[in-house]
Each structure stands twice: as structure tokens, then as C-alpha cells.
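Please walk through this structure with me.

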Amino acid sequence: MQRSSEVKHEAIRISEIIAQNKQKKNVSNLFEKVIPTILFLLASITILTTLGILYTLLSQAIQFFRTVPIWEFFTGTVLKPLSQNSEFGILPLINGTLISTIIAMLVAGPIGLMSAIYLSEYASEKVRRVLKPLLEILAGIPTIVYGFFAFTFVTPLIRSIFPEVGATNILSPGLVMGVMIIPMIASLSEDAMTSVPNAMREGSLAMGATKLETTIKVVIPAAFSGIIASFVLGISRAIGETMIVTIASGSSKNFTFDITESMQTMTAYIVEVAGGEAAAGTTIYYSLYAVAITLFVFTLVMNLLARYISRKFREEY
Amino acid sequence: MKQFDETQLKNRMNSRVRNNRIWKFIFLLSTLFGLFVLAVLMIRVAIDGLGFLNMDFLTGRLSTNPDRAGIMGALLGTVWVMLVVIPVTLIIGVGTAIYLELYAKNGKFKSFIETNISNLAGVPSIVYGLLGLTVFVRLMDFGNVVLAGGLTLSLLVLPILIVSAQEALRAVPGHLSEASYGMGATKWQTIRRVILPAALPSILTGSILSLSRAIGETAPLTVLGIPALLIPFPEGLLDTFTALPMQIYYWTLDSSLVAEYANLAAATIIVLLALLFLLNSVAIFIRNKFQQRY
């Protein structure tokens, strides 16, 4: 009699526990279902960002092309946004961008590649462990600091040797931009070269080749796609770089090839016009977006090209 | 019968070895070139700036008079922007990384998001500035306030943080989560109690590094129209502000008018670099101290 009531009591307790657990499980089931949705929404913010960029640039650029024909914009060699008979030709800006990029790559290309060769082929592990972090510091310095350096040190230095160079010119920011890009090319090229298997080096060395011959005839050809990709990324970086050229190259919109003169890049034009409080709705305000979309396409093509090269031409060992 | 000329062979060998040695030296010089420029830059900034760097400069208000000018406003502005960037990028960045690494199925959609993120990482920072100007400053009508600047910089560094958080999550070994599943834990319980804690040091390191990128960024702020005027110190998310890099920018530009502005810019650069150095040291400390090897 007493025993059966005890069993009954126990059974009630267990059924309570089961009910409680079920409730708990429902809560955690709810969590399991809601969390992935929340995370998915967070992940889609990156897609929203892309859409936002495209929408902003396109919608405002279309406004611009209503007043300035698209053909005139891309073939015009005169850029006079502020004058009475304003003219909007983007070629002076593209010219400035390309010239500063070429100067930067003439510095960063060879020096970056040779640094990569030293770090990957010649340097001992000890030396590498000191040099690499130091190069990374160079990559971590904000570009505004490089801009300051170009304007207050490199330009006066160049002018003390060649007095005919202007106080603002494209040469000095181009050179400093090159220094800024060295670590990027060095580390990407080095990655490409260190992933070449050692057996190939040893084969070459065993045949009697010197280290230099091995590097030039075996390692570099094997790592070529990675090296080219690093150059293309460097170019993309130079095209998008803003503060160095804005500070040190001035705002002359002349269409010239003289590197001792001031030239404006696409990025510097955006800073000048956006910072100049151009009233929203004016043609000059919309021109900002037309230039920006050109810049966006330039860098996007370069980035896609870099990815294509490193995927398509990679040699697998 | 003479098979080869020994002296000729020796000469050729010698010149090949010499070539190797010469080029090794040239490669070394190239590597040192970047470091040489770094040293010149640092020394130059130190010479220009150290004389102007004192307590009054750090705590003073902005002034057109170089002797009285201070950067308290810019420092506070940078701190306020950081207070926006840190939570926004951590929540969105880590959330996205968890979704991509642990929930999304391998396939078209996942690779679409990942391609999109790597493309975003290559977009010039000034384009983000235009996005911020159009969406945050004008469309949402925040004006050029802390919130608009912080959100713009958050979007800018988000791709970097997502990629590093993904790497951190991927580095957590599978047997930890398998043990957790084996004990009957659900997926979210496993993520929250096992995977995230294990990946936390790497995630923090990555987020500090992307934060230091945001602090030094200038171009988007110039587009947002961040002033360097005698504005009051920012006290909230909806106050106008200026930041350290903007201060450097304006002082550098005006250094052709007032020579001392170059010194003020250099002193501000020292403060900015010191801040970045501090952040990076913290990141390295966390990485060395808390990261576990499995």
C-alpha cells in the first residue's frame, strides 16, 4: 500500500522532469533555428555593402551622364569643373593616375621582387625572422604619414637636386607610393617562391648551377604566376591610393606627361571635389561619382585579373 | 687527347660564382632599401615633431596659433570612432565568419559570398567614403558625425576582419567540437562554449589589427567632409568630430603657409604611430599569451 504510493510519487516526479526537459529542449531548439538565420543576415551585410556601392555610384553617375555625354567624358582631354564653361574630360585624371602608378611600380616592382628573392632564397632563417616583421611595419604605416613624408621631405630633396621641379609634382608621390607597395609585392612574391618545392632547387643545384642560376632559371619560372599576380595587385593598390597623391601632387588638371609637374589622379579629384563642399545636385557633385565608378572598374578589373592569373597559370607540384 | 681546358673551366666557374655573390649583395641591398626609407621617415618625423610634443599639445584645443594648438579633440574623435568600429565590426565580422565556416554549405552561395568579400577588400578606401557620404551622411541624414564616420570605417575594415576570423575558426581542431557533440551538445552550444572560446585569441588579434587599419585611414574621412575647425569636443555618437589622421592632413596641407604646421603634423604623426604601435603590441601579446597549440 505504502509502496505503491511511493512508486506513484516517483512517477510523477519523473514525468515532471521529462516535461521540464522538453521545455528546455524547445527553447534550445528555438535557438538552434534562430541563430543560423541571424548569422545569415549578418553575412548578407557584405552583399548589401557591394550593392550599396554599386547603387550609389551608378545612380549618381547616371545623373551626371544626363548633362555630360558619356563619350565626351571618356575622351575629353580638358577638365575644368569650376570654370564658367565647365568641361568634364576624365583623361587628365586617368593620365595622372597611370603616370603615378607607373612611377610607383618602377620602384616597387624590381625592389619588391629582389627583396622577395633575398628573403626566400638567400636569407637564413634567423635573418628572415628579423627582416620580415620590419618590412611589415613599413606596410602598416598609414598612408597619410607617407603623404607627409613625400610633401615635406622627398619633394624638397628632389628640388634641391633638380630646382626646376615644382613644389607639387607627380614624381615625389609616385616614388613614395612605390616604397609603400614594396612590402606587399615582396611578401606575396615570397609566398609564391617559397611554395616552389625544394626538390626542384636541389635538382638544379645538383647539376652544378649556382644559387643565382637556380633562382632565375628554376624558381622564378615556377613561381611566375604568383609573382605577376603580386604585381597586378600592387598596380591596383597604386591606382586606388589617395592621400599621398592628394597631398604631394597638387590639383593641377593639366593633361601632360611631364613628371616634374603637378598632376591630379582620380582619387585626388574625388577628395578635392567632395571636400570642397560641392552642393549636392550640381554637375560637379555628380562628376564625383562618374570618376569614382571609373576608379572602381579599374581596380576591380585588376583584382579579378590577379585572381585569374594566380588560378589559371599556377603550376601544381 | 685533351677533353677540356682546365683553366678555361676554372675561369667560367669563377665568374659564375662571382656573379652569384654580387647579386646576393644586390638582393640584400634591395631588402634593406625599404628599411632604410622607414628609418629616414621615422627620424624625420621625430626631428620635426618631438620638440612640439608635450602635455599641452596632447590636452590642448585646436588653434590657429601653432604654439597653443593641441590635439585633444582629434584624440577624442579617434577614440569615439573606435567605440563605433569595435562593436560593429566584431558583431558583423565574427557573425559572418561563423556563418561561412560552420553553417553555410559548400556550394555556389558560399563561394559567391566569399568572392564578394575578397572583392570588397580590394575596393579603394575612397569609394567607401563616397558610400558613407551618400548613405550615412546624406540619405540617413546623420551629417558628418561620429556614427557616420564609424560605420563607414567599419564597412571598410570588415572584409579584413571576416577573413582573419574565418582563419581563426578554421584553426580550431575538429576533435574539440566532435567531443562536444558526443556529449550531446547542440550545434549552437558547441559553437558558443567550445569553438568560439578556442578561437577567441586569434579573433581578437585579427580584430585589433583591422582596428588599427581603421584608425590610420584618412581618405574616406576627407570625403565625408570631416572638418578640422575649432569645433567642440565630441561627447556622443551624433556629435561632429575630427580624427588624428584628418588633423595630420590639414596641418600638412597648410604647412606651406605656416611652417610650424609641419611640426604639428609630425607631432600628431608620432601620437598616431604610438597608438598603432600600442595596439599591435597588444595584439602580439594576446597571440603569444593565449593562443593554444593543439
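**From domains to side chains**

The C-alpha centres of domain 1 of chain B and domain 2 of chain B lie 36 Å apart. Domain 1 covers residues 6-52 of chain B, and domain 2 covers 57-290. These bounds come from an automatic or database domain assignment. The model is predicted: local features need pLDDT of at least 70, side-chain atom pairs count only at pLDDT 80 or more, and totals for chains, interfaces and linings use all residues. Residues are numbered from 1 along each chain as its sequence is written, chains are lettered from A and ligands numbered from 1 in the order in which they are written, and side-chain values use heavy atoms, with hydrogens and water left out.

The two domains do touch. Seven residues of domain 1 of chain B contact nine residues of domain 2 of chain B (contact means heavy atoms within 4.5 Å). Together the two domains of chain B bury about 680 Å², with 80% of that on carbon and sulfur atoms. Buried area here is the accessible area (1.4 Å probe) that two parts lose on being put together, summed over both. On the domain 1 side of chain B, Val45(B), Asp48(B) and Phe52(B) lose the most area to domain 2, together 75% of what that side buries. Salt bridges between these two domains of chain B number zero. A salt bridge is a side-chain nitrogen of Lys or Arg within 4 Å of a carboxyl oxygen of Asp or Glu.

Next, the chain interface. The size of an interface is often given as the accessible area lost when the parts come together. For chain B and chain A, the buried area is about 6300 Å², 78% of it on carbon and sulfur atoms. Here 74 residues of chain B are in contact with 72 residues of chain A. How many salt bridges cross the interface of chain B and chain A? The rule finds one. Arg16(B) pairs with Glu213(A) in a salt bridge, and their closest N and O atoms are 2.8 Å apart.

Now two residues of chain B. Thr96(B) sits in helix α3 (residues 72-103) of chain B; helices are DSSP runs (H or I, at least four residues), numbered from the N terminus. Thr96(B) counts as buried because its relative accessible area is 0%. Leaving aside residues up to four places away in sequence, Thr96(B) touches Leu42(A), Ala43(A), Ile117(B) and Ile162(B). Phe112(B) belongs to helix α4 of chain B. Phe112(B) is partly exposed because its relative accessibility is 46%. Buried means under 20% relative accessible area, exposed over 50%, and partly exposed in between (1.4 Å probe, protein chains only).
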